[in-house]
Amino acid sequence: MDFGLSEDQRLLDETLRAFLADRVPIDVVRAERDRLLEAPETGIDRALWARLAELGMTGVLVPEEQDGSGLSLLDAALVAQALGHAVAPTPFLASGVMAPVALRTLATPEAEGELRALATGERIVGVAATELFAVREDAGLRLEGDRVHGKAMMALGGVGADALLLPIGRDRLALVAAEAPGLTQTRLATVDATRCTSELLCEGVPVLWLAREAGSSIERMLLAGRIALAADTFGACEAMIARSVAYAADRTQFGRPIGSFQAVKHMCAEMIADLEPVRSLVWYAAHCFDALPDEAPLMAHHALAHGAEVAREIASTATQVHGGVGWTDEQNLHFWFKRVATNRHLLGSPTSLREGAAALQDFGA
Amino acid sequence: MDLEYGAEYDAFREEVRAFLEAHKPGNLAEASAEDRSAWLTKQIEHGYWARTIPTEYGGYGAEPNLLHTIIMDEEFNRAGTLRGTPSQGPSMLVPTLLEHGTEEQKRRWIGPTMRGEVIWCQGYSEPGAGSDLASLQTRAVADGDDFLISGQKIWTSTADKSQMMFALVRTEADAPKHAGISYLLVPVDSPGLEVRPLRTMAGDLGPSSFNQVFFDEVRVPRSNVVGRRGEGWKIANTTLKHERNSLSSNAEGTWMRLAKLMRDETMNGVPAIASPVYRDRLMQLQARMLSMKYHALRMLTCALKEEPPGVAGLVAKLENCQLSFDMAALALDVMGELGALYDHAKYERARGHWQAHSMFALGLIIGGGTAQIQKNIIAERGLGMPREPKPAKA
């Protein structure tokens, strides 16, 4: 019985956290936010992604046969956790988790070539998965011959990517070049200005390749994405609590540190008491993805939904612990607030995820 | 991450299962005191109770092994019978005696306590000493080879069914608050000791025995002090540690009963589970329940590896007690109008169990260290936040 991290996983976690603390301090995140506000269409910061590639983070989920490190989803969740903790703007969710999982499950020669390119970090692939679980604005992609038509909303990691992975319905998966004729990508700004989503308008877009009978590949991709996203939210929450505790020790009012007042102390205790069990659930969901696949869907639904609920409470409470200054741009806490506020709306909102969890157990109308 | 127990432990599980199939008694609730003791003795002989207690004190004498404990609990639970006895003697007094007791105290009390021949109650809280337990005023005055105890204890579960009490009393009148307390063993049938039942908000469906205990010059030999005079506070903290560990709940079982209730309970011909609103609440509770379930595995792993769990090790009581209360709240809500019924009213569901559960859960949120005290502990010990400044002495 060992519910926890291996020595290698601890080392991975420490290495990445040290790297991010050193190379992506909050000033760098702020500069990236400012850069994107100036030049929104440039999208992904490739320089940071290249640095993560040096640490092997871009190929965490790429099999060793394709020059990746072939690690487990728990390892990928630790990476996501560290990135959320650092509010680091990277395409890890789409290009480091969802695309590699989809591609390695396909196991076609084209997919293997794509995996090799992903592992280097030089190639970045966005993913349009929203219509798998939520259709709005008449969105949806279809094939006419070998060309893609229709619209996809809230695509992840697409602005500035080289290619886009498009589920067509529930069982076909197409890869298209970002610069393909007939494809119009429109940036959709999110409350977290360090990242964005996009709309993909397809009018006869030629595919680089098309995989049929890709149903399980698409399902695994979405599942892995949800677990990694839950881990990212968890990491951001850890950081908000640490900042709140530090601020409460430092800030003095009525002649004493505000952290010595029970009103403030209890806010911090409630945050950590609600969060620590989420870590256990996220780790378990990640473990299930590889070891207990039958349990993984339910755990992923709950980890993402419950994590998002806890995160909203923590984001609010942490801001209140900081008082007025927590509400300013200068204090930086809002970068984490907006990270989890955006994450909450990606890959399924909490309420719909809970409906999904109920359906998985045949609870329902 | 490896959630398998391994072949050695699977074999142990088979042994426990075989033992239970061969020896499990029928309805223990109706068994005589002798029969219950005999069942506990049989468990001890096979090493399924008092497992790590040395044989010279009436135990089985095995090395401590948390996984063995977990497996025994799981299998007894599955068989629908209690492992050992859940009273406060085995869970709180015995670990304290093993750590601080004299050789004579250990030989005299541990065996009979584990065999259920001596039942204990805990005499800690007083009307004026709750969260601030160290301000307790029940005093024991030295008189020759004895102490004379006068004062009052409260929230004393099972006092009327106990032969003995382990109590905190003030023996050093002039010492500072924490340094004046001793840990004393008191026979409940002593002259001058009176047990009065204390009715709880849950009425007849609440805990079957909850009391106040009054002391009027109750005479107890000095040799009944555990540890040294004046060190009772330190010793009690060992005991309280055991209490917090034993307050974890079976949240998964409660959640399963709740889900079943929601399938069975209908309004206007529609089961509660078909209501998206109730279903959403059930799913929120399931996520919290699962979080606590895997959190317990994570904490177990820390214990097995002897790694300090940090702040994560301090949150279970707060989270589990609130979860338990919230599950009862949903159960009552899905019963709608019938959720109000109690005291064996016609149409009452589950014999009023969920109303009682709700009130009992509230008792656990307060008992064993209130939620607010838990939050102080989490913040100060877990997060290293500054302590409340002490008010200036008047």
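Q: Into which domains is chain B divided?
A: Domain bounds come from an automatic or database domain assignment. Here, chain B splits into domain 1 (7–84), domain 2 (120–228) and domain 3 (247–382). Keep in mind that this is a predicted model, where local features need pLDDT of at least 70, side-chain atom pairs count only at pLDDT 80 or more, and totals for chains, interfaces and linings use all residues. Residues are numbered from 1 along each chain as its sequence is written, chains are lettered from A and ligands numbered from 1 in the order in which they are written, and side-chain values use heavy atoms, leaving out hydrogens and water.

Q: How many residues of chain B are in contact with chain A?
A: Contact means heavy atoms within 4.5 Å. By that rule, 48 residues of chain B touch 45 residues of chain A.

Q: And how much area do the two chains bury between them?
A: Buried area is the accessible area (1.4 Å probe) that two parts lose on being put together, summed over both. For chain B and chain A that's about 4,200 Å², with 64% of it on carbon and sulfur atoms. B:M1, B:Y294 and B:R298 supply 18% of the area that chain B buries against chain A, more than any other three residues.

Q: How many salt bridges cross the interface?
A: A salt bridge is a side-chain nitrogen of Lys or Arg within 4 Å of a carboxyl oxygen of Asp or Glu. The rule finds 8 between chain B and chain A. A:R354 pairs up with B:D280 in a salt bridge, with the closest N and O atoms 2.7 Å apart.
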